[in-house]
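Look at the sequence and the model below.

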Amino acid sequence: MSHIVQIRAEGRQALASKGFGTSAVASFDDSAPLKLDCDRDLAPFEIAYQTYGTLNAAKSNAILICHALTGDQHVANTHPITGKPGWWSTLVGPGRPVDTDRFFVICSNILGGCLGSTGPASIDPATGKPYGLHFPVITIGDMVDAQVRLIDRLGIDQLFSVIGGSMGGMQVLEWAASHKERVYSAVPIATAAWHSAQNIAFHEVGRQAVMADPDWRGGRYTEAGVSPRNGLSVARMAAHITYLSEDALQDKFGRTLEAREAKTFSFDADFQVESYLRHQGSTFVDRFDANSYLYITRAMDYFDLKSEHGGILANAFKGTKTRFCVVSFTSDWLYPTRESRAIVQALNAVAANVSFVEIESSKGHDAFLLNEPELFATVTGFINSAADRRGIAPVAASSVAPRPETT
Amino acid sequence: MMLQQLPPIDAAPRVDHLLIAEMVRAGARVLDVGCGDGALLHLLAERRQVDGRGIEVARDRVNACVAGGLSVIQGDADRDLSEYPDAAFDYAILSLTIQATRQPKVVLQNLLRIARHAIVSFPNFGHWKVRQQLLLRGRMPVTPNLPDPWYESPNGHLCTIKDFVALCELIDARIERKVAFNASGQQLGTWLPITAHNFLGERAVFSLTPKTRTSAR
């Protein structure tokens, strides 16, 4: 594993110089460009990633966690920018459902992202300036291809599991469809095999909000020393509504006024829900690049595993030996249960080994990131039984740490 | 399609489950339709090392099965069996479920399409206690085997052993084995005529195979 250590050391240095904290970076030079779906080659490129736990001698215990639209590689460690716990630290960590005492967990910033992996904010070697809109339009398939390069670099033939929610779930499906032999088990959560018209529509609203901000400057805002904060903030506000549910909003805010006794008869944030959304928007722009937001939402819109396989989703999974665990949430209207069921139907049509759990929750799409004991129980049961079949050693009883509180 | 309450998985295995475990070849691919809390799948995994899958309609039971390490999907026999390809499994099992399906004939045909063998167990409505209650009281029978009153029973399509044999003939299924259990869980002698099984058997377990394999639909 000395090469990994080396990559890590190089990566830390590279990232530290960019102010991205402690992520490792795998660099890929001009010798093997990434062939993108848009028919362009991308080289050089870098993938920033975090790892947790130890890769076993057989290299059979590696789990790849795929992050969602605005996520990043900091799945289980304190975020270097926000200082908050990792975005899935309830699911991943010592003694957690994805137990880093048993598994070697990898989480990389997606291609097109803005936390250390190559994206539109990176320097275009052809011009010496940030790519901006000269960055190629990427797809979920391209993101996965970049992850494949990283997994190759880490010397891992087969991932024990690929796990992700939302756009992360799309990557899980892409891995399972395009790299069948390299995925022992797959957990697509709150996701879909193709992006619906409604979801494309919401993304378009977000993109138009960004591009309508005069500070966007045709994507060249960095050179101008500005940032389309207002546009990106509005995009985040609109998107955030889609991550919740009507019941969740009603329960959390109702019509409660924000720190005032009466309506102000103005366009100030009178209601708590307004103030909450404004806060969501303004904190988001501190940690996210506007052009990345355009590119990643586009990649999601283009995702359609069904049309890529002759209009029959089952063809995507023909001959699969991967064990699947598909999870949806009752109140998720962005990726409703019927879309998970379509995945399950396709898997059944090829007699794949599949579990499917719909979890009762009022929290909408965001439920996959929250404290949902049934999700934890499902993932724990599925992962551990698959790991036993794969022959991955259980955590030694003597080394079991007291389980951290999940609340 | 709610099933009757099943015992917890650490309880002693049900006699019909033990018989099914005896019928299933070791290492086979098995689909348990209406798998409930997964007791049969656990038993088959333990005793026969099968590659088992389950379908269950009740969400909480599905989640408990998956958390327990079983491969189970939330679904229902009437709707979801048509998704599977032909001969995907060695055995498709319908344990005390067929009487609760909307279209038992279609479900049975699907079982025989997707698996080489279908194993079906059902409560026998021809049992003497059932006949006695209907004959003497003129009321729908409520027995330990059929505990729900008619207005709360999930069982929309109850049948007798003779009825089931007739359905097998109708859909060209060959009966490989048929076993009836009396109220104390003992197997009735196979030498007894079917009329006796139909009168004394409280539950029946049939193993079926298609007379001629149907092509893909």
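A residue is buried if 20 or more other C-beta atoms lie within 10 Å of its own, exposed if 12 or fewer, and partly exposed in between, with C-beta atoms placed from the backbone. Helices (H or I, at least four residues) and strands (E, at least two) are DSSP runs, numbered from the N terminus. This is a predicted model: local features need pLDDT of at least 70, side-chain atom pairs count only at pLDDT 80 or more, and totals for chains, interfaces and linings use all residues. Residues are numbered from 1 along each chain as its sequence is written, while chains are lettered from A and ligands numbered from 1 in the order in which they are written.

Start with helix H1 of chain B, residues 15–23. Its buried residues are B:Asp16, B:His17, B:Leu19 and B:Ile20. They sit on the same side of H1(B), because they cover an arc of only 160 degrees around the axis. That arc is taken from the directions from the helix axis to the C-beta atoms.

Now turn to helix H2 of chain A, residues 140–153. Here 10 of the 14 residues are buried, so H2(A) is largely enclosed by the rest of the structure. Among them are A:Met143, A:Val144, A:Leu150 and A:Ile151. Just after H2(A), A:Gly155 has a positive phi of about 75 degrees.

| Domain of chain A | Residues |
|---|---|
| domain 1 | 2–194 + 304–399 |
| domain 2 | 199–298 |

Their C-alpha centres lie 26 Å apart.

Key
The expected span of a helix is 1.5 Å times one less than its number of residues. Domain bounds come from an automatic or database domain assignment.
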